[in-house]
Amino acid sequence: MVHTGGAMRRRMDHMRGWRAQLMRLTSDNLACRRGGRMVFTGVSFAVAAGEALLVTGRNGAGKSTLLRLLAGLLPVAAGRVGWDGGAPDQSVGEQAHYVGHLDALKPGLSVRDNLAFWTAWNGAQAEGIDAALAALALDGLADLPAAYLSAGQRRRLALARLVAVHRPIWLLDEPTAALDVTAQAALAQLMRDHLAGGGLIIAATHGPIGIDGARELRIGATIGAAA
Amino acid sequence: MMASLGPHAGFIVGAYLAALIVTLAVIVWVWLDYRRQRRILADLDARGITRRSLRQGVSESLS
Amino acid sequence: MSALAALYWRDLRLAVRAGGGAAIAALFFLIVVALVPFAVGPDLALLSRIGPAILWLGALLASLLTLDRLIAVDAEDGSLDLLMMTPMPLEAALAAKALAHWTSTCLPLVILSPVLALLLNVEFSAMPAIALTLAAGTPALTFIGLIGAALSVALRRGGVLLAVLVLPFTIPVLIFGVAAANAVIVGPAPFGPPFTILCALSLASAVIAPVAAAAAIRHGLE
Amino acid sequence: MPISDFANPSKFLTLVSRVLPWLAVAAVIAFAIGLTQAMQAPDDYQQGATVKIMYLHVPSAWLSMGIWAVMSIAALGTLVWRHPLADVAGKAAAPIGAAFTLICLITGSLWGRPMWGTYWVWDARLTSVFVLFLMYLGVIALYWTAEEPSRAARLAAILTLVGAINLPVVKFSVDWWNTLHQPASVIRMGAPTIDPSLLKPLLMMAVAYFLLFAALHLAAMRNEILRRRVRTLRLMQANEAAS
């Protein structure tokens, strides 16, 4: 495990107010049954604070299923998900952001109201909303009803949740889908900042998403074990 | 001028009042809607989002 | 508390908006009640006798049939996933959504009921009683419908399925609601007992339904 | 001003801003004259003064059906002639039509109260107007739920035309279902049977109602055009931000 400057991280942790000093997310021999069939078995990996894990595999290998399982949205058929450090009383899902294929946006609400709701729902401070919109270049559209947004803009609004509400674990399902080049660069920067701040990222993706030093977990082909 | 309205005056006045209320409601709704649309248009205009047809003088479409 | 309040206000705003479910439920209530005289005939004495029953049936159908989208909308756009990923229990979230639905959909029905009672030639003295019983009984309908909504999300089948699933559970509410309303018109039977039972039904379903609905969603996870 | 000029929304808007004030003033004057005449008209030998409600009830009944006719023509404009303003006219007229139908129902119920002893007797004429009211609400509900204006236009036009075809059927079936209301005393094959002294204020009130509708309709159409401009500009705002 690579330490990236303990002092810098502790300051970042303190600044972000995380109780977590050092966070490790581990899974051993995870298996998930969905729709009556065993999607994958024996998936084990370990991700420490400041590290990113890219989950790859052919379509239907269970990349999204693994993320939903970690988010607590799917029952575990076998194996165990463990984490140490962080908030012991909270489950992984309660300490994680999950950005799936669906954007969780209400067309009737404006861009700002959509983000404001998710910020309030997660108990975060409202001050972070405008900064989050600006981080994803959505501040010009704050009052526009979400119905008018393009797919890329909707995706960026979904990603704005990551900035508005601070959670140590990011579960991203093909985050770069529908994003143009500038948005992908902005996302890469956000991810780098998150990792630098001691966060973890597990992203299901088909190719690199602009963060170097990320390890890869291949599932579906063989019973993948983290390199 | 007001001829005596007879025993059922209440109903007559009631009817005229009801008609007046509903009519006023429609008038107020139309007026408020007009102001609201103008306000949104002015706000959009202030952001520099004007109809492209205005900018290029292209033949008017419904936009 | 602000998280649940935020969810409550969000659902309320979305329901009351022009395209939201609130107005459609009120129109459905109006049309269902208006249909009965065409079937039964313009006999005023008969209409005034069955008035409370028609108003109750209309309110029951109007609130149930607009409930099947309550959770399905969030499931389809991904909001349900995020609603579940917080320390806030899902039961509380579903209860807040049910309350938002009650305020936006059932409350207008209660307010509309005296006007429709006019169509059914119901006496003036009975109108407040009917409105009161509806106000006391519709929370039970909403919460029972919440279970149906959760089941239809888990089963991925919307529409009338919800009514089929939960209509049997609404029978007690209907019985005591109409009984309480009739007690004021027909007279001998006192208004108190059926009304208090109705309130009890509402309170009980306010506790049981969110738990059942959350369980249905959790077990329906796929 | 050739008719085709109406097709151009901007020209139509300038037309509205010019004509609307005059229409409003004309409506106010017509109402003033009509109401004073109505007040001075003699009472009916049977109903006494309650006949004065007729001056509100009958014109609003005519108008509620007249507005549906306007909407039907607009529906044809949308479906057949593809006239860009046709749907704007139809969508703007629906709420106004519902409002006048509501006035007709309320005044009819109040007018019948002394005679029938109750507010609502499900008599044939009032019931068909009530069904018309439900149809208005249906069209408005359709406009509410459909998001995209041009698609909503065609769907609402179809519903309006189906309604127009359905109106006589409703009228006949409701009449058959129950006939209690006095026979249509004004619109008769022969001359109207009511006394000319009652007829004059009635026609004046009808003119006043029509002017009121014309003013409201133009104003509502203007709102609808502005609403669609807002929608287009918002789409542009999103596109320009994306590019």
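**Note on the predicted model**

1. Start with D:Cys104. This residue is buried, because its relative accessible area is 0%, and buried means under 20%. The model is predicted, and the values below are computed from it.

2. A:Cys32 has a relative accessible area of 0%, so A:Cys32 is buried.

3. How many disulfides are there over all chains? The count comes to zero. The cut-off behind that count is a pair of cysteine sulfur atoms within 2.5 Å. In general, a disulfide is a covalent bond between the sulfur atoms of two cysteines.

4. Now the chains. Five pairs of chains touch, and the pair with the most contacts is B and D. Chains B and C are a pair with no contact. Their closest C-alpha atoms are 14 Å apart.

5. Turn to the sheet in chain A. The sheet is open, has five strands and pairs them in parallel. Its strand order is 5-6-7-3-8. Which strands stand at the edges? They are strand 5 (96-99) and strand 8 (215-218) of chain A. Each has a single partner strand, so one side of each has no neighbour in the sheet. From one strand to the next, the twist averages 15°.

6. Strand 6 of chain A covers residues 169-173, and strand 7 of chain A covers residues 200-204. The two run parallel and are joined by five bridges. Look for A:Asp173, which stands opposite A:Ala204 of strand 7.

7. Helices lie across the strands of chain A. Helix 2 of chain A (residues 63-70) lies across strand 3 (52-56), strand 5, strand 6, strand 7 and strand 8. Its angle to strand 6 of chain A is about 150°. Helix 6 of chain A (residues 181-196) lies across strand 3, strand 6 and strand 7. This helix runs at about 140° to strand 7 of chain A.

8. Helix 2 of chain D (residues 54-79) packs on helix 4 of chain D (residues 124-145). The angle is about 40° and the axes are 11 Å apart. The two helices are therefore oblique to each other. Their crossing is left-handed.

9. Which residues meet between these two helices? From helix 2 of chain D come D:His57, D:Ser64, D:Met65, D:Ile67, D:Trp68 and D:Met71. From helix 4 of chain D come D:Leu126, D:Leu132, D:Met135, D:Tyr136 and D:Val139.

Definitions and conventions. Residues are numbered from 1 along each chain as its sequence is written. Chains are lettered from A and ligands numbered from 1 in the order in which they are written. This is a predicted model: local features need pLDDT of at least 70, side-chain atom pairs count only at pLDDT 80 or more; totals for chains, interfaces and linings use all residues. Side-chain values use heavy atoms; hydrogens and water are left out. Buried means under 20% relative accessible area, exposed over 50%, partly exposed in between (1.4 Å probe, protein chains only). Contact means heavy atoms within 4.5 Å. Two strands pair if DSSP finds at least two bridges between them. Helices (H or I, at least four residues) and strands (E, at least two) are DSSP runs, numbered from the N terminus. Axes are lines fitted to C-alpha atoms, for helices over the stretch in contact, and angles run from 0 to 180 degrees between N-to-C directions. Angles under 35 degrees count as roughly parallel, over 145 as roughly antiparallel, 65 to 115 as roughly perpendicular and the rest as oblique. A crossing is left-handed if the near helix is turned anticlockwise from the far one by less than a right angle, and right-handed if clockwise.
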